[in-house]
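Thanks for coming, everyone. Please bring the model up on your screens, and I will walk you through it.

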Amino acid sequence: MGYFRKNIEQVKGYEPGFQPKETDILKLNTNENPYPPSPQVMKVLAQISSEQLRRYPDPIGNEFRQAAAEVNDVQPENIMCCNGGDDLLTIAFRAFCDKNRPVAYPVPTYSLYPVLAKLQSCKAIEVPFDDEFNLPARLASTNAALTIVCNPNAPNGSFVSVDELASLADELSGILLIDEAYVDFAEANCTELVKEFDNVIILRSMSKGYSLAGIRLGYAIAQPDLIAGLMKVKDSYNIDAVAVAVAAAAIKDQKYFSETTEKVKKARGLLVAKLRDLGFEVPQSYTNFVLAESKNCKAGKIYDKLVERRIYVRYFNLAKLDDKLRITVGTGEQNDKLISALKEILSERRPFGCAQGKLTGDG
Ligand SMILES: *Cc1c(COP(=O)(O)O)cnc(C)c1O
């Protein structure tokens, strides 16, 4: 065609998880929260006025900014609202990277980062994690303008300590963006680093912990100077009035948030135990998903067999991941349904792609 910039012609584009149309399915493929958003959210939604829709929204979403500042024990000046956490990633690439200013991040991680690098024409320095997913020491010396650490990390659920990230922030000459999209299911977060370091940006999302993937709202936490700089790059109205009102109601309801995230964490523990009983290798997860490796069966084949049963999980046909399934933690009942299906699949008499004699079950 030749109309596009060369990078755009070449980039494949981010491939989101499959969003099936049917409703009578078990959907454990894109890390949505199995619980509905806070009841306060639906009340606020019912009260949205036509006047709120007729007018342009508050360009910086002060209502949400204040609520998020309170919850995180920072000032509203430390917060920038975004059209989902992904919007903050786009803004950060545009703000800090170009063809002479690379991005660096440990891999494997969120597969959106390399796509954004390509769109921004910046070099991506990918530093491999070791097998235990420790933070690679080399990350501190890449000279990247922007270093991203997804913590907890996707797609394996590991967590790097706050102290290690503090040391990294201290060593880096550029920006450290800590992608905390899943931090609501972890035991600690890096908010305190924002007070100490002028080069740290924390990314948060309302999609996972607050069950609001359907409206788009995420936010940055950083020192006011960084927030002010990022504001120059964002779209003038990057967040809409409905999302701001709804997300503010959700983040104010901390009681409901704690209850539902605790339920997910409890269900995660049970799911991991049951998957291990079935012979899967599952590392500890600090997120609302688990990465299960089948020692005996091809993960792609198990995926297909699950789809036949209308159960969707995530399979990545990529190096180091193509022997694993990423499974979103559902309710206890949903997880049990998945476990029963896996039991059936693994105990079929002639399981396709499974090593003989090592099967779980007596089929
Ligand atoms: C979900 C997610 C985000 C942000 O998602 P939004 O829905 O845009 O808020 C960012 N990073 C990672 C690793 C994620 O999984």
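**Strands, sheets and helix packing**

At 4% relative accessibility, leucine 26 counts as buried. Buried here means under 20% relative accessible area, exposed means over 50%, and partly exposed is in between, with a 1.4 Å probe and protein chains only.

A word on the ground rules. This is a predicted model, so local features need pLDDT of at least 70, side-chain atom pairs count only at pLDDT 80 or more, and totals for chains, interfaces and linings use all residues. Residues are numbered from 1 along each chain as its sequence is written, and side-chain values use heavy atoms, with hydrogens and water left out.

Back to leucine 26. It is found in strand S1, residues 26-27. Helices (H or I, at least four residues) and strands (E, at least two) are DSSP runs, numbered from the N terminus. Not counting residues up to four places away in sequence, leucine 26 touches Arg310, Ile311, Tyr312, Gln334, Lys337 and Leu338. Contact means heavy atoms within 4.5 Å.

Now the seven-stranded sheet. It is open, its pairing is mixed, and the order is S2-S8-S7-S6-S5-S3-S4. Two strands pair if DSSP finds at least two bridges between them. S2 (79-82) and S4 (124-128) are the edge strands, and each pairs on one side only. On average, neighbouring strands of this sheet are turned by 25 degrees against each other, direction ignored. Inside the sheet, S3 (residues 103-107) and S5 (residues 146-150) pair in the parallel sense over two bridges. Alanine 104 has threonine 147 in S5 as its bridge partner. Helix H7 (residues 162-171) packs on the sheet and touches S5, S6 (175-179) and S7 (200-205). The direction of H7 makes about 155 degrees with that of S6. Axes are lines fitted to C-alpha atoms, for helices over the stretch in contact, and angles run from 0 to 180 degrees between N-to-C directions.

Next, helix H6, residues 112-119. Which of its residues are buried? Leu112, Tyr113, Val115, Leu116 and Ala117. Their cover includes H5, S3, S4, S5 and S6. Serine 121 follows H6, with a positive phi near 60 degrees.

On to helix pairs. H4 (residues 62-72) and H10 (residues 241-252) pack at about 20 degrees, with axes 8 Å apart. That makes H4 roughly parallel to H10. The cut-offs: under 35 degrees is roughly parallel, over 145 roughly antiparallel, 65 to 115 roughly perpendicular, and the rest oblique. From H4, Glu63, Phe64, Ala67, Ala68 and Val71 meet Val244, Ala245, Ala247, Ala248, Ile251 and Lys252 of H10. By class, this contact has nine nonpolar, no polar and two charged residues. Ala, Val, Leu, Ile, Met, Phe, Trp, Tyr, Cys and Pro count as nonpolar, Asp, Glu, Lys and Arg as charged, and the others, Gly among them, as polar.

H5 (residues 85-96) and H9 (residues 224-233) pack at about 95 degrees, with axes 9 Å apart. So H5 is roughly perpendicular to H9. Leu88, Ile91, Arg94, Ala95 and Phe96 in H5 meet Leu226, Leu230 and Val233 in H9. That contact divides into seven nonpolar, no polar and one charged.

Last, the three-stranded sheet. It is open, ordered S9-S10-S12, with antiparallel pairing. S9 (280-281) and S12 (324-328) stand at the edges with a single partner strand each, so one side of each lacks a neighbour in the sheet. Two bridges join S9 to S10, residues 289-294. Glutamate 281 has glutamate 293 as its bridge partner in S10. Helix H11 (residues 254-277) lies across S9, S10 and S12, at about 5 degrees to S10.
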